[in-house]
Amino acid sequence: MTRTTQTRTTPAATQGVGGTAKISVQHVRKTFALKNEEFVALDDVSLDIADNEFVTVVGPSGCGKSTLMNVLAGLETPTSGHARVDGADVTGPGPERGVIFQQYALFPWLTVRKNIEFGLKVAGLGKAERREKAEHFIDLVGLGQFADALPKMLSGGMKQRCAIARAYAVDPSILLMDEPFGALDALTRVTLQEQLLDTWSREQRTVMFITHDVDEAVFLANRVVVMAARPGRIYDVVDVDLPYPRTEEVRLSPEFAALRNRVWRSVYHQTPAATRP
Ligand SMILES: Nc1ncnc2c1ncn2[C@@H]1O[C@H](COP(=O)(O)OP(=O)(O)O)[C@@H](O)[C@H]1O
Ligand SMILES: [Mg+2]
(Lines give C-alpha, C1' and ligand atoms only; values in the text may rest on other atoms or scores of the structure.)
(Ligands and ions follow the chains in the order given, each with its own letter.)
Protein backbone atom coordinates (compact mmCIF):
# COMPACT_ATOMS: atom_id res chain seq x y z
CA MET A 1 0.00 0.00 0.00
CA THR A 2 2.85 2.37 0.73
CA ARG A 3 4.87 1.54 -2.33
CA THR A 4 5.12 3.94 -5.22
CA THR A 5 5.50 3.19 -8.88
CA GLN A 6 9.06 4.47 -8.74
CA THR A 7 10.21 1.83 -6.29
CA ARG A 8 8.45 -1.09 -7.89
CA THR A 9 10.77 -3.85 -9.01
CA THR A 10 10.27 -6.74 -11.31
CA PRO A 11 10.01 -10.14 -9.64
CA ALA A 12 13.26 -11.87 -10.34
CA ALA A 13 12.18 -15.37 -11.13
CA THR A 14 9.33 -17.34 -12.55
CA GLN A 15 9.68 -20.32 -10.32
CA GLY A 16 8.30 -18.69 -7.20
CA VAL A 17 10.80 -16.28 -5.69
CA GLY A 18 12.29 -17.93 -2.64
CA GLY A 19 9.79 -20.79 -2.53
CA THR A 20 6.10 -21.18 -3.23
CA ALA A 21 4.73 -19.33 -6.24
CA LYS A 22 1.57 -17.30 -5.72
CA ILE A 23 0.00 -19.11 -8.66
CA SER A 24 1.30 -22.46 -9.83
CA VAL A 25 0.00 -24.33 -12.83
CA GLN A 26 1.62 -27.73 -13.20
CA HIS A 27 1.16 -29.94 -16.26
CA VAL A 28 -2.44 -28.91 -16.70
CA ARG A 29 -4.35 -30.70 -19.41
CA LYS A 30 -7.93 -29.83 -20.22
CA THR A 31 -9.96 -31.71 -22.77
CA PHE A 32 -13.52 -31.28 -23.95
CA ALA A 33 -15.65 -33.93 -25.63
CA LEU A 34 -16.26 -32.84 -29.21
CA LYS A 35 -18.58 -35.12 -31.15
CA ASN A 36 -16.78 -38.44 -30.82
CA GLU A 37 -13.39 -36.88 -30.33
CA GLU A 38 -11.43 -35.42 -27.50
CA PHE A 39 -10.59 -31.76 -28.03
CA VAL A 40 -7.40 -30.67 -26.29
CA ALA A 41 -7.94 -27.11 -25.05
CA LEU A 42 -4.84 -27.15 -22.82
CA ASP A 43 -1.96 -29.53 -23.29
CA ASP A 44 0.62 -29.84 -20.52
CA VAL A 45 0.54 -26.20 -19.46
CA SER A 46 2.95 -25.27 -16.67
CA LEU A 47 3.34 -21.73 -15.40
CA ASP A 48 4.37 -20.20 -12.10
CA ILE A 49 3.45 -16.62 -11.27
CA ALA A 50 5.29 -14.91 -8.42
CA ASP A 51 3.67 -12.75 -5.76
CA ASN A 52 3.01 -9.25 -7.14
CA GLU A 53 3.96 -10.26 -10.63
CA PHE A 54 2.01 -8.95 -13.62
CA VAL A 55 1.80 -11.64 -16.27
CA THR A 56 0.00 -11.16 -19.56
CA VAL A 57 -1.15 -14.05 -21.73
CA VAL A 58 -1.44 -13.51 -25.45
CA GLY A 59 -2.23 -15.86 -28.30
CA PRO A 60 -4.56 -16.54 -31.22
CA SER A 61 -8.26 -17.10 -30.70
CA GLY A 62 -9.01 -20.60 -29.45
CA CYS A 63 -5.58 -21.28 -27.94
CA GLY A 64 -7.03 -21.86 -24.48
CA LYS A 65 -6.49 -18.49 -22.77
CA SER A 66 -9.95 -18.33 -21.24
CA THR A 67 -9.81 -22.01 -20.34
CA LEU A 68 -6.58 -21.39 -18.43
CA MET A 69 -8.15 -18.46 -16.62
CA ASN A 70 -11.27 -20.45 -15.80
CA VAL A 71 -9.12 -23.20 -14.33
CA LEU A 72 -7.41 -20.65 -12.08
CA ALA A 73 -10.73 -19.00 -11.24
CA GLY A 74 -12.02 -22.41 -10.15
CA LEU A 75 -14.73 -22.44 -12.83
CA GLU A 76 -13.22 -25.36 -14.76
CA THR A 77 -11.47 -28.44 -13.39
CA PRO A 78 -8.31 -29.65 -15.13
CA THR A 79 -8.55 -33.08 -16.76
CA SER A 80 -5.13 -33.73 -15.24
CA GLY A 81 -2.41 -31.68 -13.57
CA HIS A 82 -2.67 -29.10 -10.81
CA ALA A 83 -3.62 -25.46 -10.42
CA ARG A 84 -2.53 -24.06 -7.07
CA VAL A 85 -2.90 -20.71 -5.37
CA ASP A 86 -0.70 -20.04 -2.35
CA GLY A 87 0.27 -23.70 -2.43
CA ALA A 88 -3.30 -25.02 -2.19
CA ASP A 89 -5.19 -26.76 -4.98
CA VAL A 90 -7.87 -24.62 -6.61
CA THR A 91 -11.19 -26.35 -5.98
CA GLY A 92 -13.60 -23.49 -6.75
CA PRO A 93 -13.86 -19.70 -6.76
CA GLY A 94 -12.45 -17.84 -3.77
CA PRO A 95 -12.44 -14.27 -2.44
CA GLU A 96 -8.67 -13.97 -2.85
CA ARG A 97 -9.17 -14.20 -6.63
CA GLY A 98 -10.97 -11.33 -8.32
CA VAL A 99 -12.19 -12.21 -11.80
CA ILE A 100 -12.91 -9.64 -14.49
CA PHE A 101 -14.61 -10.93 -17.62
CA GLN A 102 -14.64 -9.39 -21.04
CA GLN A 103 -18.39 -8.74 -20.94
CA TYR A 104 -18.45 -6.56 -17.80
CA ALA A 105 -20.78 -8.96 -15.94
CA LEU A 106 -22.46 -6.20 -13.91
CA PHE A 107 -25.86 -6.64 -12.32
CA PRO A 108 -28.06 -4.52 -14.60
CA TRP A 109 -30.61 -3.75 -11.88
CA LEU A 110 -28.04 -2.37 -9.45
CA THR A 111 -26.41 1.07 -9.54
CA VAL A 112 -22.64 1.45 -9.89
CA ARG A 113 -22.39 1.86 -6.11
CA LYS A 114 -24.56 -1.18 -5.38
CA ASN A 115 -22.68 -3.29 -7.91
CA ILE A 116 -19.43 -2.44 -6.14
CA GLU A 117 -20.95 -2.98 -2.69
CA PHE A 118 -22.37 -6.37 -3.67
CA GLY A 119 -19.22 -8.41 -3.07
CA LEU A 120 -18.60 -6.54 0.17
CA LYS A 121 -22.07 -7.47 1.38
CA VAL A 122 -21.42 -11.11 0.53
CA ALA A 123 -18.16 -10.83 2.47
CA GLY A 124 -20.19 -9.71 5.50
CA LEU A 125 -19.16 -6.05 5.76
CA GLY A 126 -21.55 -3.66 7.51
CA LYS A 127 -23.39 -0.86 5.74
CA ALA A 128 -21.09 2.01 6.70
CA GLU A 129 -17.94 0.09 5.84
CA ARG A 130 -19.39 -1.02 2.51
CA ARG A 131 -20.28 2.50 1.62
CA GLU A 132 -16.86 3.84 2.53
CA LYS A 133 -15.01 1.18 0.57
CA ALA A 134 -17.24 1.54 -2.46
CA GLU A 135 -16.67 5.30 -2.39
CA HIS A 136 -12.92 4.82 -2.43
CA PHE A 137 -12.98 2.52 -5.43
CA ILE A 138 -15.56 4.60 -7.29
CA ASP A 139 -13.17 7.54 -6.99
CA LEU A 140 -10.20 5.40 -7.96
CA VAL A 141 -11.73 4.48 -11.30
CA GLY A 142 -13.16 7.97 -11.86
CA LEU A 143 -16.85 7.12 -11.69
CA GLY A 144 -17.75 9.63 -8.96
CA GLN A 145 -20.43 11.35 -11.02
CA PHE A 146 -22.03 8.04 -11.97
CA ALA A 147 -22.18 6.33 -8.59
CA ASP A 148 -25.97 6.20 -8.65
CA ALA A 149 -26.36 5.39 -12.34
CA LEU A 150 -27.49 2.03 -13.64
CA PRO A 151 -25.15 0.10 -15.97
CA LYS A 152 -27.36 0.82 -19.01
CA MET A 153 -26.55 4.52 -18.60
CA LEU A 154 -22.80 3.91 -18.84
CA SER A 155 -20.48 3.65 -21.83
CA GLY A 156 -18.50 0.44 -22.37
CA GLY A 157 -15.40 1.97 -20.79
CA MET A 158 -17.36 3.09 -17.73
CA LYS A 159 -18.95 -0.34 -17.32
CA GLN A 160 -15.53 -1.91 -17.43
CA ARG A 161 -14.23 0.57 -14.84
CA CYS A 162 -17.17 -0.38 -12.65
CA ALA A 163 -16.33 -4.08 -13.06
CA ILE A 164 -12.72 -3.32 -12.15
CA ALA A 165 -13.78 -1.32 -9.07
CA ARG A 166 -16.05 -4.16 -8.01
CA ALA A 167 -13.24 -6.69 -8.31
CA TYR A 168 -10.75 -4.43 -6.49
CA ALA A 169 -13.15 -3.58 -3.67
CA VAL A 170 -13.11 -7.06 -2.15
CA ASP A 171 -9.35 -6.70 -1.97
CA PRO A 172 -8.31 -9.86 -3.77
CA SER A 173 -4.59 -10.57 -3.77
CA ILE A 174 -4.98 -12.00 -7.27
CA LEU A 175 -6.68 -10.45 -10.29
CA LEU A 176 -7.62 -12.69 -13.20
CA MET A 177 -8.60 -10.52 -16.16
CA ASP A 178 -9.88 -11.96 -19.44
CA GLU A 179 -9.52 -9.48 -22.30
CA PRO A 180 -11.05 -6.79 -20.11
CA PHE A 181 -10.33 -3.92 -22.50
CA GLY A 182 -11.03 -5.87 -25.68
CA ALA A 183 -14.19 -4.04 -26.71
CA LEU A 184 -12.99 -0.54 -25.96
CA ASP A 185 -11.78 2.25 -28.23
CA ALA A 186 -8.03 2.86 -28.34
CA LEU A 187 -8.02 5.98 -26.17
CA THR A 188 -10.15 4.51 -23.38
CA ARG A 189 -8.03 1.41 -23.52
CA VAL A 190 -4.80 3.35 -22.99
CA THR A 191 -6.35 5.28 -20.09
CA LEU A 192 -7.54 2.07 -18.42
CA GLN A 193 -4.15 0.40 -18.97
CA GLU A 194 -2.42 3.28 -17.21
CA GLN A 195 -5.00 3.28 -14.41
CA LEU A 196 -4.60 -0.45 -13.94
CA LEU A 197 -0.82 -0.19 -13.66
CA ASP A 198 -1.19 2.73 -11.29
CA THR A 199 -3.45 0.71 -9.00
CA TRP A 200 -1.29 -2.39 -9.29
CA SER A 201 1.76 -0.42 -8.24
CA ARG A 202 0.02 1.09 -5.20
CA GLU A 203 -1.83 -1.99 -3.95
CA GLN A 204 -0.28 -5.43 -3.69
CA ARG A 205 -1.65 -7.57 -6.47
CA THR A 206 -0.69 -10.55 -8.55
CA VAL A 207 -2.21 -10.22 -11.99
CA MET A 208 -2.87 -12.59 -14.86
CA PHE A 209 -4.19 -10.52 -17.72
CA ILE A 210 -5.36 -12.10 -20.97
CA THR A 211 -5.33 -10.13 -24.18
CA HIS A 212 -5.06 -10.65 -27.92
CA ASP A 213 -3.33 -7.29 -28.29
CA VAL A 214 0.46 -7.60 -28.47
CA ASP A 215 1.11 -3.94 -27.57
CA GLU A 216 -1.11 -4.24 -24.53
CA ALA A 217 0.57 -7.50 -23.50
CA VAL A 218 4.04 -5.89 -23.54
CA PHE A 219 2.97 -2.54 -22.10
CA LEU A 220 1.52 -4.02 -18.92
CA ALA A 221 3.64 -7.01 -18.11
CA ASN A 222 6.63 -8.18 -16.17
CA ARG A 223 6.35 -11.25 -18.36
CA VAL A 224 4.41 -12.14 -21.50
CA VAL A 225 3.25 -15.72 -21.97
CA VAL A 226 2.56 -16.57 -25.61
CA MET A 227 0.16 -19.44 -26.24
CA ALA A 228 -0.45 -21.50 -29.37
CA ALA A 229 -3.52 -23.41 -30.51
CA ARG A 230 -4.30 -27.00 -31.47
CA PRO A 231 -3.39 -28.11 -28.95
CA GLY A 232 -3.58 -25.14 -26.59
CA ARG A 233 -0.16 -24.76 -25.03
CA ILE A 234 2.51 -22.31 -23.90
CA TYR A 235 4.65 -21.47 -26.89
CA ASP A 236 6.98 -18.79 -25.59
CA VAL A 237 7.65 -16.70 -22.49
CA VAL A 238 9.16 -13.23 -22.86
CA ASP A 239 10.56 -11.18 -19.96
CA VAL A 240 9.69 -7.51 -20.25
CA ASP A 241 12.60 -5.69 -18.72
CA LEU A 242 11.14 -2.19 -19.02
CA PRO A 243 10.89 0.22 -16.08
CA TYR A 244 7.66 1.14 -14.31
CA PRO A 245 5.87 3.49 -14.43
CA ARG A 246 5.18 2.65 -18.06
CA THR A 247 4.85 6.13 -19.45
CA GLU A 248 4.24 7.26 -22.99
CA GLU A 249 8.02 7.59 -23.24
CA VAL A 250 8.37 3.87 -22.46
CA ARG A 251 5.62 3.03 -24.93
CA LEU A 252 7.40 4.92 -27.71
CA SER A 253 10.91 3.68 -26.89
CA PRO A 254 13.00 1.44 -29.18
CA GLU A 255 13.24 -1.10 -26.33
CA PHE A 256 9.45 -1.38 -26.26
CA ALA A 257 9.35 -1.74 -30.05
CA ALA A 258 11.95 -4.51 -29.96
CA LEU A 259 9.97 -6.48 -27.36
CA ARG A 260 6.71 -5.89 -29.19
CA ASN A 261 8.27 -7.20 -32.40
CA ARG A 262 9.64 -10.22 -30.59
CA VAL A 263 6.22 -11.08 -29.11
CA TRP A 264 4.48 -10.31 -32.40
CA ARG A 265 6.66 -12.79 -34.27
CA SER A 266 6.01 -15.37 -31.61
CA VAL A 267 2.22 -14.90 -31.85
CA TYR A 268 1.86 -14.60 -35.61
CA HIS A 269 4.52 -16.97 -36.90
CA GLN A 270 3.75 -19.98 -34.79
CA THR A 271 4.57 -23.41 -36.05
CA PRO A 272 2.71 -26.56 -35.00
CA ALA A 273 4.23 -28.20 -31.94
CA ALA A 274 5.34 -31.25 -33.91
CA THR A 275 7.60 -29.22 -36.24
CA ARG A 276 9.24 -27.13 -33.56
CA PRO A 277 12.93 -27.71 -32.91
N1 LIG B 1 -16.98 -25.87 -22.48
C2 LIG B 1 -16.39 -26.16 -23.65
N3 LIG B 1 -16.79 -27.21 -24.39
C4 LIG B 1 -16.19 -27.53 -25.55
N5 LIG B 1 -15.15 -26.85 -26.07
C6 LIG B 1 -14.71 -25.76 -25.38
C7 LIG B 1 -15.29 -25.36 -24.14
N8 LIG B 1 -14.64 -24.27 -23.69
C9 LIG B 1 -13.70 -24.01 -24.61
N10 LIG B 1 -13.74 -24.90 -25.63
C11 LIG B 1 -12.84 -24.93 -26.79
O12 LIG B 1 -11.52 -24.87 -26.33
C13 LIG B 1 -10.73 -24.02 -27.15
C14 LIG B 1 -10.10 -22.96 -26.33
O15 LIG B 1 -11.09 -22.05 -25.93
P16 LIG B 1 -10.77 -20.74 -25.11
O17 LIG B 1 -10.05 -21.10 -23.86
O18 LIG B 1 -12.03 -20.00 -24.97
O19 LIG B 1 -9.76 -19.99 -26.10
P20 LIG B 1 -9.32 -18.46 -26.14
O21 LIG B 1 -9.81 -17.81 -24.90
O22 LIG B 1 -7.82 -18.50 -26.25
O23 LIG B 1 -9.91 -17.88 -27.39
C24 LIG B 1 -11.67 -23.47 -28.24
O25 LIG B 1 -11.49 -24.20 -29.41
C26 LIG B 1 -13.04 -23.69 -27.65
O27 LIG B 1 -13.99 -23.92 -28.67
MG1 LIG C 1 -11.09 -16.19 -24.57
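Which residues does UniProt list for "domain: ABC transporter"? The unreviewed UniProt entry gives residues 23-254. The model is predicted.

**Annotated domain**
- Over residues 23-254, the chain is 33% helix and 28% strand.
- The end C-alpha atoms of residues 23-254 are 32 Å apart.

**Shell around ligand 1**
- The run from Ser 61 through Gly 62, Cys 63, Gly 64, Lys 65 and Ser 66 to Thr 67 belongs to the residues around ligand 1.
- Phe 32, Phe 39, Ala 41, Gly 59 and Gly 232 are also around ligand 1.
- Two elements, β2 (37-49) and α1 (65-73), each supply at least two residues of this shell.
- Which element gives the largest share of the shell around ligand 1? It is α1, with three residues.
- By class, the shell around ligand 1 has four nonpolar residues, seven polar and one charged.

**Helix α2 against helix α4**
- Helix α2 spans residues 112-122, and helix α4 spans residues 156-169.
- Their axes come within 8 Å and cross at roughly 25°.
- Angles under 35 degrees count as roughly parallel, so α2 and α4 are roughly parallel to each other.
- The crossing of α2 past α4 is right-handed.
- On the α2 side, the contact is made by Val 112, Asn 115, Ile 116, Phe 118, Gly 119 and Leu 120.
- On the α4 side, Cys 162, Ala 165, Arg 166 and Ala 169 take part.
- The residues of this α2 and α4 contact comprise seven nonpolar, two polar and one charged.

**Helix α3 against helix α4**
- How do the axes of α3 and α4 cross, and at roughly what angle? The axes of helix α3 (residues 127-140) and α4 come within 9 Å and cross at roughly 140°.
- Roughly antiparallel would need an angle over 145 degrees, so α3 is oblique to α4.
- The crossing of α3 past α4 is right-handed.
- From α3, the contact takes Lys 133, Ala 134, Phe 137, Ile 138 and Leu 140.
- From α4, the contact takes Ala 165, Tyr 168 and Ala 169.
- The contact of α3 with α4 holds seven nonpolar residues, no polar ones and one charged.

**Where the two contacts meet**
- Ala 165 and Ala 169 of α4 take part in the contact with α2, and Ala 165 and Ala 169 also take part in the contact with α3.

How values were computed. Residues are numbered from 1 along each chain as its sequence is written. Chains are lettered from A and ligands numbered from 1 in the order in which they are written. This is a predicted model: local features need pLDDT of at least 70, side-chain atom pairs count only at pLDDT 80 or more; totals for chains, interfaces and linings use all residues. Axes are lines fitted to C-alpha atoms, for helices over the stretch in contact, and angles run from 0 to 180 degrees between N-to-C directions. Helices (H or I, at least four residues) and strands (E, at least two) are DSSP runs, numbered from the N terminus. Angles under 35 degrees count as roughly parallel, over 145 as roughly antiparallel, 65 to 115 as roughly perpendicular and the rest as oblique. A crossing is left-handed if the near helix is turned anticlockwise from the far one by less than a right angle, and right-handed if clockwise. Two residues are in contact if their C-beta atoms, placed from the backbone, lie within 7 Å. Ala, Val, Leu, Ile, Met, Phe, Trp, Tyr, Cys and Pro count as nonpolar, Asp, Glu, Lys and Arg as charged, and the others, Gly among them, as polar. UniProt positions are given in the numbering used here, feature names are shortened, and annotations may be inferred rather than shown by experiment. A residue is near a molecule or strand if its C-beta atom, placed from the backbone, lies within 6 Å of it.
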